[in-house]
Amino acid sequence: MRFTSNVKSYVLLLIVGIFLLLGYVYFNFFSERLNRDIPIDEDQKSTRLLYKQPNVLVGRTDVVAVTPWLAPIVWEGTFDPVLVDNIFKPMNLTIATTVFAVGKYVSFLQDFLETAEKHFMVGFNVRYYVFTDRPHDVPSVNLTQGRHLSVIQVPGSNRWQEISARRMEIIQTTIEHQISREADYIFCLDVDSKFHARWGAESLGRLVAVIHPGYYEQTRDRFPYERRPASTAYIPMDEGDYYYGGAMIGGFVEDVYTLTKVCRNRFEVDAGNSIEAAWQEESHLNRYLLYNKPSKVLSPEYLWQDFKAKTKEVKVIRFSGVIKNYAEIRPNV
């Protein structure tokens, strides 16, 4: 009888031990996932980190710096670049950056790359992925240490709308076959743009969107969402948070992969029903982000337009679309 009791006690202790071990593994794995933005560097414990003391009572009052779902909206004056860099740089992150330079758009590539080298993720490992149908026209640009450029050939098209529609598919497949092994974060940017000031680690997050500069002062009923219920990009008139610009998609590689996969599938459903969303991938992006809220939102500082005068809210223009003649660069208008 005592032997049976001892066996039962031993089995019970063994079961408890197994559960404690599984709990420890579970906690450590998921706490690492949840805190992957926080570096653990034992060597820096004795290092002094000097920056301006934060203040909960003093700050910008002319703009909203947080969404209703508590995601930060990044404006100049809402973050300390020294502190942000000291948090993220010890992680030794790699940032993937995709651009499409198809047809005559390859002419914008040199300015894009040269200004990126001055202002975009300075001090981080960056991998540029240039998708083009003119690989021999890709300019030679001096890249700093830790930054690399890959040229990936893609077919051209006689319709810019088709090029736009294929972006989600191409980014999805490239993440799957290459980028997922080479980078931690990804930004998908428009090539007909230039950097003007710091774009740094303050922009990193799980899923990052940018507020379109043409609509940040408008109400949702004025947003150019896809309004036809037959489209998978449809957003009703009484729904919507912000109008996000399609010239920037960012976040963890795996989260952007999911976004591009979903948007690609919705493109294909619409195409099967002979529907083309009002603003192609931008329409599908806005639909996706309405129901899958971004964890960080970049202000229009990160996507201005050169033909627009700077407004009082925009203290710094970091990235902007250049002025261009669409009749000259697009295969169709």
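These numbered points cover pockets, salt bridges, surface and backbone features of a predicted model.

1. **Second largest pocket.** This pocket holds about 570 Å³ of space. Its lining counts 21 residues. Pro54, Gly77, Thr78, Phe79 and Asp80 lie nearest the centre. By class, the lining has twelve nonpolar, five polar and four charged residues.

2. **Where that lining comes from.** Strand S1 (73-74) and helix H2 each supply at least two residues. H2 gives the most, with four residues. H2 spans residues 81-88.

3. **Cavity.** The structure holds one cavity of 30 Å³ or more. The space inside the largest cavity is about 30 Å³. Arg167, Met168, Ile171, Gly246, Ile249 and Glu281 line it. Helix H4 (residues 160-182) brings the largest share of this lining, three residues.

4. **Salt bridges, overall.** The structure holds 15 salt bridges. Side chains of opposite charge can pair when their charged atoms come close.

5. **Arg198 and Glu202.** Arg198 is partly exposed, at 24% relative accessible area. Glu202 counts as buried because its relative accessibility is 4%, under the 20% cut-off. The pair also belongs to a network of salt bridges that links Asp85, Lys89, Arg198 and Glu202.

6. **Asp241 and Lys293.** Asp241 is partly exposed at 25% relative accessibility, and Lys293 is partly exposed at 30%.

7. **Arg318 and Glu301.** Arg318 lies in the loop between strand S10 (304-305) and strand S11 (319-321), and Glu301 in the loop between S9 and S10, so the pair ties together parts 17 residues apart in sequence. Arg318 counts as buried at 2% relative accessibility. Glu301 is buried too, with a relative accessible area of 0%.

8. **Nonpolar surface patch.** Leu49, Tyr51 and Val82 make a nonpolar surface patch of about 250 Å². Val82 lies in helix H2. Val82 counts as partly exposed, at 43% relative accessibility.

9. **Positive phi outside glycine.** Check two residues here. Asn92 is not a glycine, yet has a positive phi of about 55 degrees. Asn92 lies in the loop between H2 and strand S2 (94-100). Asn92 counts as exposed because its relative accessibility is 57%, over the 50% cut-off. Ser274 is not a glycine either, and has a positive phi of about 60 degrees. The place of Ser274 is the loop between helix H5 (253-272) and helix H6 (280-291). Ser274 is exposed at 70% relative accessibility.

10. **Leu113.** Leu113 is in helix H3 (residues 109-119). Leu113 is buried, with a relative accessible area of 0%. The C-alpha atoms of Leu113 and Tyr128 are separated by 8.7 Å, with the two residues 15 apart along the chain.

Methods: Residues numbered from 1 in each chain as written. Predicted model: local features only at pLDDT ≥ 70, side-chain atom pairs only at ≥ 80, totals over all residues. Heavy atoms only, no water. Patch = residues over 30% accessible without salt bridge, like charges linked within 9 Å, V, L, I, M, F, W, Y side chains within 5 Å. Areas by Shrake-Rupley, 256 points an atom, 1.4 Å probe, with all protein chains shown as cover. Salt bridge = Lys/Arg side-chain N within 4 Å of Asp/Glu carboxyl O. Buried < 20%, exposed > 50% of the residue type's maximum accessible area, 1.4 Å probe, protein only. 1 Å grid on protein atoms, 1.4 Å probe; cavity = no way out; pocket = protein on both sides within 12 Å on 5 of 7 lines; lining within 4 Å. Points joined across faces, edges and corners; volume = space filled by probe spheres on them. Nonpolar A, V, L, I, M, F, W, Y, C, P; charged D, E, K, R; others polar.
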